[in-house]
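User: Hi! Could you help me look at this protein?
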Amino acid sequence: SRRCFCAFVVLAAAAAARHHTLRGVCDDISTIWSDGKHVKARGTGRWYQMATVNISPNTRVIAIKCRNTGGPYGLMTELNHGGRVISVSDASCKCSNKPHRGWEKPGFRGFPSQTF
């Protein structure tokens, strides 16, 4: 069966002013957005490939949709700044099995997010 697994990260103003790198792997297919705009990245179409995305300064919201095509599913991410990991996906991240309208955009008030 197919399922949607959604998560997003909200960057506080001070953190958003810096350049970041997002690295993640999703079982099976991921789609990544930066402030509501789709970001193309290699490695988003296979569960065994790591996707790496450069996040521009002043980005406020990083959103990831992970779609499962069968079997177990999951999402692992880390957000880096200057070679230092500042965030990882863990139990404190808020997710939803349903895509909520506008969840990938700044200002979404649906499910709670993890803020840095």
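User: Are C26 and C66 buried or exposed?
Analyst: Both C26 and C66 are buried, where buried means under 20% relative accessible area and exposed means over 50%, with partly exposed in between (1.4 Å probe, protein chains only). Keep in mind that this is a predicted model: local features need pLDDT of at least 70, side-chain atom pairs count only at pLDDT 80 or more, and totals for chains, interfaces and linings use all residues. Residues are numbered from 1 along each chain as its sequence is written, and side-chain values use heavy atoms, with hydrogens and water left out.

User: Thanks! What do C26 and C66 form?
Analyst: They form a disulfide, with the sulfur atoms of C26 and C66 1.9 Å apart; the rule asks for a pair of cysteine sulfur atoms within 2.5 Å. C26 sits in strand 2 (residues 20-27) and C66 in strand 6, so the pair ties together parts 40 residues apart in sequence. Strands here are DSSP runs (E, at least two residues) and helices are runs of H or I with at least four, numbered from the N terminus.

User: And which hand does the disulfide have?
Analyst: The torsion about the S-S bond of C26 and C66 is about 95°, so the disulfide is right-handed.

User: New topic: where does N68 lie?
Analyst: N68 lies in strand 6, which covers residues 61-68. N68 is buried, at a relative accessible area of 2%.

User: What does the side chain of N68 reach?
Analyst: The N68 side chain reaches the backbone oxygen of G71 at 2.7 Å. A polar atom of that N68 side chain also lies 3.2 Å from the backbone nitrogen of G70.

How values were computed:
A polar contact is a pair of N or O atoms within 3.5 Å; within protein, one must be able to donate a hydrogen and the other to accept it, and residues adjacent in sequence count only if both atoms are side-chain atoms.
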